[in-house]
Number of protein chains: 2
Amino acid sequence: MSDAPPARHIARRGLLVILSSPSGAGKSTLSRLLLERDRSLSLSISVTTRPRRNSEVDGVHYHFCTARDFERMRERGDLLEWAEVHGNRYGTPRDFVDQELAEGRDVLFDIDWQGADQIRTTLASDVVSIFVLPPSGDELRFRLVRRAEDDEATILRRLGNAREELGHYTDYDYVVVNDALQDALDGVEAILTAERLRRRRLTGVDGFVTGIVEAL
Amino acid sequence: MSDAPPARHIARRGLLVILSSPSGAGKSTLSRLLLERDRSLSLSISVTTRPRRNSEVDGVHYHFCTARDFERMRERGDLLEWAEVHGNRYGTPRDFVDQELAEGRDVLFDIDWQGADQIRTTLASDVVSIFVLPPSGDELRFRLVRRAEDDEATILRRLGNAREELGHYTDYDYVVVNDALQDALDGVEAILTAERLRRRRLTGVDGFVTGIVEAL
């Protein structure tokens, strides 16, 4: 058995996994569970100029920064993508992604369709994009409205954002309906497992097969 | 919750799942386990002019037929693909596949690279192809040689066939190494689950999303 390394060591390129959905479709819970269960996956944390909410922790939910710091990063090319939404800026730090990929880890992006669009443009073939749908419109509306933290204007804006985000599901490779959380999680995990077995990502498979043929 | 049907009922096109590998890589065991565990998957049984082996059952391993019957099917267009290998002909009956797809079931093909090539040409976007690799060349050689049923000429020919088949792994979407059977099975099942969540296969998703947006 000395002709080839064990199967699990076939080298492959890292994945950039994009998870998008309208707010309220359960994407954040899905992301959290996914990261807990998959140790070769790291979350890309966005940088934002948006004020921190009470429930948010700097460096966990976002890297919060000033408009000036954001501009400096953007100008230096430190952001893989960035977008302005309702006057606030959001971006993805490039360093973290490069470093994780170099270490053979995959990176999860919990971003909206605008960010997804830019990352697809920059890193096309390594991107796997998944759109998470709520089980129904009534259910989504219910989830958006019951967030006590937000006022009515915010809720209305969020309903509008949800409509806009839903309009872009056709840009995504996969669609997962979050009807039962466990099923949705199983679906996303299956997508990751499958995409890691894609031949064109397996940079080491050519040498592996050559080794097999030579031993016959 | 009346605005859209339950998620599990989003209509989709059926899949044609091709499993190829050199003989001896454990593909038949994988196919059998897959079919046992996945009730929405049916096996396409090839028709062949090759003589039946003692271990084979007509209608289970192949539909055995005469050269004349084969020709008649081929001429009538009843075969989705066909090929001649070492003087014997092999083909895929079209009726069965059409019928399974019409009933919303997926079809598994346990065929070689030639058959895979033709099915890809005929049904491109509905085809998902998986190449199963042995863990090593030594292991494959061992598995091919120990089959007591076959004489030395057969074994040599099979080693030659294995080399040829291995030369075509680059035509496949996915590569699964059959090192540990359970891992390989998990891999193939994940590929099926993922491919069933591909947006472009979900013919019903457009109506589903429209229903959500209208309810907001």
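**Notebook: a predicted two-chain model**

I looked up A:His9 and found that A:His9 is exposed, with 9 other C-beta atoms within 10 Å. By the criterion I used, a residue is buried if 20 or more other C-beta atoms lie within 10 Å of its own, exposed if 12 or fewer, and partly exposed in between, with C-beta atoms placed from the backbone. The model is predicted: local features need pLDDT of at least 70 and side-chain atom pairs count only at pLDDT 80 or more, while totals for chains, interfaces and linings use all residues. Residues are numbered from 1 along each chain as its sequence is written, and chains are lettered from A and ligands numbered from 1 in the order in which they are written.

I placed A:His9 in the segment before strand S1 (16-20) of chain A; helices (H or I, at least four residues) and strands (E, at least two) are DSSP runs, numbered from the N terminus. A:His9 and A:Val205 are 196 residues apart in sequence, yet 9.7 Å apart in space, C-alpha to C-alpha.

**Symmetry and interface**

I laid chain B on chain A by a turn of 180° and a shift of 0.0 Å along the axis, with an RMSD of 0.0 Å. The two copies are thus related as by a two-fold rotation axis. The superposition is by least squares on the C-alpha atoms of residues with pLDDT of at least 70 in both copies. Of the residues of chain B, B:Ala190 comes closest to this axis, at 2.2 Å (C-alpha).

I then examined the interface: 45 residues of chain B are in contact with 45 residues of chain A, contact being C-beta atoms, placed from the backbone, within 7 Å. Among the elements of chain B that give two or more residues to this side are strand S9 (174-177) and helix H7 (181-196). H8(B) gives the most, with seven residues. I noted 29 nonpolar, six polar and ten charged residues on this side of chain B. Ala, Val, Leu, Ile, Met, Phe, Trp, Tyr, Cys and Pro count as nonpolar, Asp, Glu, Lys and Arg as charged, and the others, Gly among them, as polar. Because 100% of the interface residues of chain B are also interface residues in chain A, the copies meet through the same surface.

Not counting residues up to four places away in sequence, B:Ile130 touches residues including B:Val17, B:Tyr172, B:Val188 and B:Ile191.

How values were computed. Two residues are in contact if their C-beta atoms, placed from the backbone, lie within 7 Å.
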